[in-house]
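Please keep the sequence and the model open while I talk.

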Amino acid sequence: MSWLHLMILLPFIFAAAVPYIYRKFTPRIHTGWFVLVIPLVIFAFLLSFTTAISYGNTAFSTVPWIPSYNINFTTYVDGLSLIFGLLIAGIGALVILYSIFYMSKREALNNFYVYLLLFMGAMLGLVFSDNIFVLYVFWETTSVSSFLLIAYWYEREKSRYGAQKSMLITIFGGLAMLAGLIMLSMMTETYSIREMVSQAANIPSHPLFVPSMILILIGAFTKSAQFPFSIWLPDAMEAPTPISAYLHSATMVKAGIYLVARLTPVFGGQAEWFWIVSSMGMITLLYGSVNAVRQTDLKALLAYSTISQLGLIMSLLGLGSASLYTGGEESSVYMAAIFAAIFHLVNHSTFKGCLFMVVGIIDHETGTRDIRRLGGLMHLMPISFTLAVIGSFSMAGLPPFNGFLSKEMFFTAVINAAEMKEFGVNAIGNLFPIIAWIASVFTFVYSMILVFKTFRGKNKPEKLAKEVHEAPLGMLISPIVLGLFVVIIFFFPNILSKYLLSPALAAIVPTLAAAGETNVKISAWHGWNIELFMTIGVIVLGTIMYHLLKKWYRIYLLYPENLMLNHLYNIGLENMEAVSRRVTDRYMTGFIRDYLVYIFAFIIIIVGGAVWLSDGFSIHTSDDAPVNWFEAVLMIVMIVTAAAVLFAKTRLTAIVAVGGLGFLVSFFFVLFRAPDLALTQLVVETVTTVLFLLCFYHLPQLRKEFARIRFKAVNAIVSIGVGVVVTIVALSANGNRLFQSISGYYENSYELAGAKNIVNSILVDFRGIDTMLEILVLSIAGLGVYTLIKLRLAGGNRNEKAE
Amino acid sequence: METLMSILVGILFAIGIYLILTKTLLRIILGTSILGHGVNLLIITMGGLKKGGPPLLGIKDLTYADSLPQALLLTAIVINFATTALLLVLSYRAYKVLGTDDTEQMRGTENE
């Protein structure tokens, strides 16, 4: 048990205390103030690791959980997990501070902070876990807590819809990921990710390699909202804005990125990994940025922008994985892509968190997030405007903000990728820079829309519900801090690089780190090179496009509504439900005869099939007892009697025929030397017949069954089939006796039990328990009969009067 | 004898199951009864037939008929009787309450 374990469990422990605090201090003190302590403590604690980590050390400790299965809660701190941990704790603290001012005390704050703390703990556990099963547990906990947070205002239908959608998609991915991780553990024979990494060289030839890769990637893509799983993210914007800022920009959607980065040393360097990750990332990047432009709701715009930025990071991880394949001089060129991915991940968390908070402020102060109703807020909300400019310009990749640096690195990476020789990248490689550039143009356009459509232009007070003014200072603190980070990172990127980014890079490409090639210098000015011209091109074209927005906006309306991913998802869901309902309605008819037909048909198929397949059918009549003529006559009479029940016109005939059958059976018992059986059978048959006669007086007349021919034919086929199968099985069993009977032992009954009647001594001495329970059966049946006759519940006697 | 009995049992099974698959309650119960007889005869047949005297030690026979299937059957007959009785009364009550003895009309409402 290390301090780190305690830190991961701290949010969970505190979450249990939140309801008490809420009950005690509301409404005097906002619950958030108490919760704020937790992420601050965790953040301070994690900061203490940074120097050690930057020297290349790692920390590692284990708490046994299920030792017999080798499932232990093992924490592992290296550069990668530390970056994530700091982001989670740091932005978590800022988000909680923001939420103190954003959420009014009238809300159900206890729920809010409990879910939030659950999420924070789960996220910390996810990034520091070394054991795949523990990682999976935390992974699903983030899914569940995210579901709870999205549906925080559960009385709104859209919240519930969005929560359900995110739940379905992320849990689907989570389960796929679990299967992939288990396959991976089968290949490497370990549950520890570190040991998997150390064995990475041995597994690419394994048959499970590609399936496990694809399943794990499905998990990562669903969580990180990659195309086509991205549809849940815009609907998750129904959550309160602090949640959108925290979960859907900075932390949870990065979990998939974390997984891909963490497993890059295992899968990277393979062509499949390179192509899947980078092409999916590129598609997502383009899809998100193009779709963001058409949104009219600010949060939806930010959601699509998050999708596109996540695609950017994902594609960089894919392109960078080539460095593990090549090695040597070239690899450091591709490695820069990985570095860019980590760098942009940090940058994205800062500016996107800031932007979400700004949008939350706008929503809070104006009562709407609709771009068409907003405008001219610049003079009313100068600080928010400044923050929005910082965030958006960073998102668009303009200096002097950190987004510029990572965007330049991104361009460098795609240009290098275009010239790649490996993995069959030839002419296709040229698509990378082209897609990246087009997506950047769109990114620029929507970033400008975000700033200028809301803060410039005419003020439209008639469309707003509230008197607009600047937000309270408390609400502004968090976005200001993040905005400061955006600027500071631009001016001093190398501090961040030295302490955090380089160790993280070393964690993702450990083989290269061993060669000491992972010290990357960031420079804001790198001469007049092609990347800079690309950026200038983005700015020029983006400005032109923004000004001509009205002219080309109609292009979006050309795209058919029916091919929207959302529409496909809804249709798919409806169809799945409809199809399963139809299927169920087809075979679950509610008519007992149909179910009996299934059961008997299966008996025929399975038992008959087993006899058929094992060639079990064989008759040996050598052992048979001889047949007397009167026995043959009895058999014929019996068949006739039984058949008479089938064709009986009246109840009486049928009942008497069944009674006759019973007496015939007792005759057979006489023939087969079973006096006790004959006696019992006679008595029971008599009583049963009496019962039948008692009841039949109250039952209706037997009508002729007016059933369709098909109905009767199916019944006949099934019943004859069962009869034949039983006969075959009986004959085969009879002809193949494997062992002697054990009944010879019971002939000692006089010595052992003092009884001369062997059957009776078996019933009460040798196998007495059967008899005891049989008596119980009889008593229960008697009680049942009594209850059925005596008990009259309400509404149970509608037809009683008819008699 | 065993072969003929096996065929007889098969016929009894077929008739019983045909009755169980019909729609009338009374026929279904009669079907279970016939099925019960079929099962009983099958058990005793599988024990081997007429391989000696009745299993009573007082009678000086060299061999006795197999006593174990007989003991099993005695149990089975009684249990069969109990279930048949319960089923009969149940159907009687069902008819009283639901006003029909047609299993197809005894279906509940939709979405139960």
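**Charged pairs, rings and an interface**

Let me begin with A:K158, which forms a salt bridge with A:E238, the closest N and O atoms lying 3.9 Å apart, where a salt bridge is a side-chain nitrogen of Lys or Arg within 4 Å of a carboxyl oxygen of Asp or Glu. A:K158 sits in helix α7 (residues 157–188) of chain A and A:E238 in the loop between α10 (232–235) and α11 of chain A, so the pair ties together parts that are 80 residues apart in sequence; helices here are DSSP runs of H or I with at least four residues, strands are runs of E with at least two, and both are numbered from the N terminus. A:K158 is exposed, with a relative accessible area of 57%, whereas A:E238 is buried at 17%, and by these terms buried means under 20% relative accessible area, exposed means over 50%, and partly exposed is what lies in between, with a 1.4 Å probe and protein chains only.

Before I go on, a word on conventions: this is a predicted model, in which local features need pLDDT of at least 70 and side-chain atom pairs count only at pLDDT 80 or more, while totals for chains, interfaces and linings use all residues. Residues are numbered from 1 along each chain as its sequence is written, chains are lettered from A and ligands numbered from 1 in the order in which they are written, and side-chain values use heavy atoms, with hydrogens and water left out.

A search of the whole structure finds nine salt bridges over all chains. One of them joins the side chains of A:D130 and A:R194, at 3.7 Å from N to O, and this pair links distant parts of the chain, with A:D130 in the loop between α5 (109–128) and α6 (132–150) of chain A and A:R194 in helix α8 (residues 193–198), 64 residues apart. A:D130 is buried, with a relative accessible area of 3%, and A:R194 counts as partly exposed at 29%.

The side chains of A:D585 and A:R581 also meet in a salt bridge, at 3.8 Å from N to O, but here the two residues are four apart in helix α26 (residues 565–587) of chain A and therefore separated by about one helical turn. Both ends are partly exposed, A:D585 at 43% relative accessibility and A:R581 at 47%. Salt bridges that share partners also join A:D297, A:D363 and A:R369 into one network.

Turning to the interior, helix α11 (residues 241–250) of chain A is mostly covered, with ten of its ten residues buried. A:S478, in helix α20 (residues 473–491) of chain A, counts as buried at 0% relative accessibility. What does A:S478 touch, not counting residues up to four places away in sequence? With contact meaning heavy atoms within 4.5 Å, A:S478 touches A:L94, A:L97, A:Y98 and A:M357, and a polar atom of its side chain lies 2.6 Å from the backbone oxygen of A:L94.

That brings us to the rings, of which the rule counts 33 aromatic pairs over all chains; rings of Phe, Tyr and Trp (its six-membered ring) pair if their centres lie within 6.5 Å, with planes under 30 degrees apart counting as stacked, over 60 as edge-to-face and the rest as tilted. The rings of A:Y98 and A:Y102 have centres 5.6 Å apart and planes at 20°, so this pair is stacked. Both tyrosines lie in helix α4 (residues 79–102) of chain A, four residues apart, about one turn of the helix, and both are buried, A:Y98 at 0% relative accessibility and A:Y102 at 11%. Elsewhere, A:F112, A:Y113, A:Y152 and A:W153 form one aromatic cluster.

Finally, the interface: the contact takes 83 residues from chain B and 102 residues from chain A. The two chains bury about 8,600 Å² between them, 74% of it on carbon and sulfur atoms, where buried area is the accessible area (1.4 Å probe) that two parts lose on being put together, summed over both. In chain B, the residues B:M1, B:L21 and B:K50 lose the most area to chain A, together 9% of what that side buries. How many salt bridges are there between chain B and chain A? The count is zero.

Terms used: Polar contact = N/O pair within 3.5 Å; in protein donor to acceptor, adjacent residues only side chain to side chain.
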